[in-house]
Amino acid sequence: MFGQAYKKFIVILVFLTLPACSVVGSLWYERVDQLIANQFLEYANFTKEQEKYVRQATLKFKYWNIENELPKYKKLISQFKALDNTTTVDDIDDIYQQGMLLGNNIRDFFLPQIVEFCKTITNKQVEEMAIYFDELMEERKSELENIEDDIQDSLAKSFKRFFRFMGVKLNNEQINTIRILSSGMEDTRAQLISQRIQWNQQFIAILNLRQNENFEDTFVKHINSLDSENPNTRKLINQITAETIASLDEKQRGKFQKRLSRIEASINQIIQEQN
């Protein structure tokens, strides 16, 4: 696991790197509103009117994102692609901060619509959402209990998966460096799950107060609290990322840049089809 500090940036990169080429990326993006809506609609048994509201909101997001955000994604990917053997922690931190801002923009787009939607849900739907979140957390706890890797091995595997996703196979020296740099990292995986369980419980309690006058402020404040992160973890992840990218050999860097060029082509294709 990359940890709470890197989740939002990784979500942005995964969002961009799902398409393998410009044509596939364009076809995938055509369905992005449906994918988001379907995920949200799993939380409870919503009415047809509620489902219509959700699908309209995600459709608006798709076109808002093309017009307002995709050019920013393209700029960020271009900056990521330009990283070389002189890459520093400051370089990664700058990209990370930009990724966080993009994630916040998505959150801020949906928040007002989610607030209004939550005012329409029933007590039974709130109960169904509570069950959904409880089952999800039980799955997370079960997965953690069955993982034999310590935090260093888990982190190394996460970096291997991420760079493989970017077209790069890390060598043994690079993997060992990740383990060495993360040797002092505290294993907070169980603690993070416990914190998320508590957050979910508070979220359900807030939903039960959805008709109160101060519901919107309380709801928004709680959603924003999910962004809290451990600065030490963020610093460590950024350091590992910087050193790993700086250590890429010529062949690895070529594949890394080729993958990111395909992402740029996907973004261009999506923007051009909209214009």
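Start by selecting arginine 259 and phenylalanine 165: the charged end of the arginine sits over the phenylalanine ring, 5.3 Å from its centre. Keep in mind as you go that you're looking at a predicted model.

Next, pick phenylalanine 162 and phenylalanine 163. The model has 21 aromatic pairs, and these two residues make one that is edge-to-face, with 5.4 Å centre to centre and 80° between the planes. Phenylalanine 162 and phenylalanine 163 are both buried.

What do they touch the most of? Other members of the largest nonpolar core, which has 37 residues. To see where that core comes from, colour the elements that give two or more residues to it, including α4 (48-81), α7 (151-165) and α12 (250-274).

Now go to helix α9, residues 189-207. Its 19 residues reach 27 Å from first C-alpha to last, close to the 27 Å expected at 1.5 Å a residue. Highlight its buried residues, among them Ile193, Trp199, Phe203 and Leu207. Then turn the view to look down the axis of α9: the buried residues fall within an arc of 155°, so they line one face of the helix. They pack against α5, α6 (123-145), α7 and α10 (215-225).

Last stop: Trp199. The charged end of arginine 196 sits over the ring of tryptophan 199, 5.3 Å from its centre. Ring pairs also link Trp199 into a cluster that includes Phe40, Tyr132, Phe203 and Phe219.

Notes
Residues numbered from 1 in each chain as written. Predicted model: local features only at pLDDT ≥ 70, side-chain atom pairs only at ≥ 80, totals over all residues. Heavy atoms only, no water. Phe/Tyr/Trp six-rings, centres within 6.5 Å; stacked < 30°, edge-to-face > 60°. Buried < 20%, exposed > 50% of the residue type's maximum accessible area, 1.4 Å probe, protein only. Lys NZ or Arg CZ within 6 Å of the ring centre and 35° of its normal. Core = buried A, V, L, I, M, F, W, Y, C linked by side-chain atoms within 4.5 Å. Helix = DSSP H or I, 4+ residues; strand = E, 2+ residues; numbered from the N terminus. Expected span 1.5 Å × (residues − 1). Arc of directions from axis to C-beta. Contact = heavy atoms within 4.5 Å.
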